[in-house]
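Notebook open, model loaded. I'll jot down what I look up as I go.

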Amino acid sequence: MFTPAELLEINTLLVPENKIVILTHYNPDGDAIGSSLGLKHYLKAKGLEAEVVVPNDFPKFLKWMPEAKKNIIGEYKRKVAFDSINEADVIFCLDFNSPARIGLLGDWLMRAKAKKILIDHHQQPEDFDFVYSDTIIPATCQMVYHFIEAMNDEDLVNKDIAECLYTGIMTDTGGFRFRSTSATTHRIVANLIEKGADPSVITSNTWDTNTVSRMHLLALILGRIEVVNDGKVAVLYLTRKELQEYGFQKGDTEGFVNYGLSIVGVRIAAFFMEDLYEDFIKISFRSKDDVDVNQFSRKYFSGGGHINAAGGKSMESLPDTIETFKSRIAEENL
């Protein structure tokens, strides 16, 4: 958490005359959008206005959250996004550890005159004016709740805040099943439910949103999951042609990698997908126990994340990327 002195200084920045902007990472997920909107509604409850700026669009299944459709999407509204960042007095940086993680907004952030406040749970954060970094906490949404606690503002948590933070915690813990989910996490979730978050409604709004195209893509990869390395590693993939054939939309492959990890005996699951527009491969890694896919991804696939959940990319072809992955896994004896 921020030190008491830092909290006092941050509090002096949170005044109506200061323009406040909230940024999150490229390809925003549930924790990114949930933490950003949860913080926005908290600041609103304090009588402050804040704008949420995201680098690119986010999945439809996250747009039910209160005021999600008011987010400024950088790829669609570049000038509006630039002006917001350039004119800001305070910028909250949520769920990313480096300006490189926010795409075209990164250069604007580094040049901005604003005080920059980082709240994030990824490893190796870069320098910001104020840094609250904790890699043990499973979701940035939980950290935003801790920040609200530290500001002695728990009584301001309302239904809008609760719904957003609950969503991010739920999605980033895989439905509260990842090992980083702690007793503290569950206590916070209980508090959010008491404040108005309805688990059944949030779960339905977020996860019961399958389209026919998504189900076709899921059926396709499930029909060809490959298990290698003595049954410890599952490999899943989709080609650009397949994405186009089934009308892929942003968010359609969310959670696909977890199906590989659900196989008995599997300790690592890797999902490879050709980018729809550019010539590179997106990679999602998931693991169990002490298998560190964060370091593996950093070492071989220009990525990173958490011990049990990381992302990466490859400029090789899809078949070559998968073969490289298999050989690296064998070398590391994972």
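Where does Asp230 lie? I find Asp230 in the loop between β7 (226-228) and β8 (233-238); helices (H or I, at least four residues) and strands (E, at least two) are DSSP runs, numbered from the N terminus.

Ground rules before I go on. This is a predicted model, in which local features need pLDDT of at least 70 and side-chain atom pairs count only at pLDDT 80 or more, while totals for chains, interfaces and linings use all residues. Residues are numbered from 1 along each chain as its sequence is written, and side-chain values use heavy atoms, with hydrogens and water left out.

**Entry: positive phi**

I looked up the backbone of Asp230 and got a phi near 60 degrees, a positive value in a residue other than glycine. Asp230 has a relative accessible area of 77%, so I log it as exposed (exposed is over 50%, buried under 20%, partly exposed in between; 1.4 Å probe, protein chains only).

Ser302 also goes on my list, with a positive phi of about 50 degrees, though it is not a glycine. I located Ser302 in the loop between α12 (293-300) and β11 (304-305). Its relative accessibility is 64%, so Ser302 counts as exposed.

**Entry: cysteines**

I searched for disulfides (a pair of cysteine sulfur atoms within 2.5 Å) and found zero. Cys141 is in none, and its nearest cysteine sulfur is that of Cys164, 7.8 Å away. Cys141 is buried, at 0% relative accessibility. Cys164 is buried as well, with a relative accessible area of 0%.

**Entry: helix α3**

Which residues of α3 (residues 78-87) are buried? I get Ala81, Ser84 and Ile85. They sit on the same side of α3, because they cover an arc of only 90 degrees around the axis (taken from the directions from the helix axis to the C-beta atoms). These buried residues pack against β1 (20-23), β2, β3 (72-73), β4 (90-94) and α4 (105-111), where contact means heavy atoms within 4.5 Å.

**Entry: second largest pocket**

I noted a volume of about 200 Å³ for the second largest pocket. A pocket is an open set of points on a 1 Å grid over the protein atoms alone, where a 1.4 Å probe fits, with protein on both sides within 12 Å along at least five of seven lines; lining residues have an atom within 4 Å of a point. The volume is the space filled by probe spheres set on the points, which are joined across faces, edges and corners.

Of the 14 lining residues, Ile20, Lys40, Glu49, Ala50 and Glu51 are the closest to the centre. Strand β2 (residues 50-54) gives the most to this lining, with three residues.
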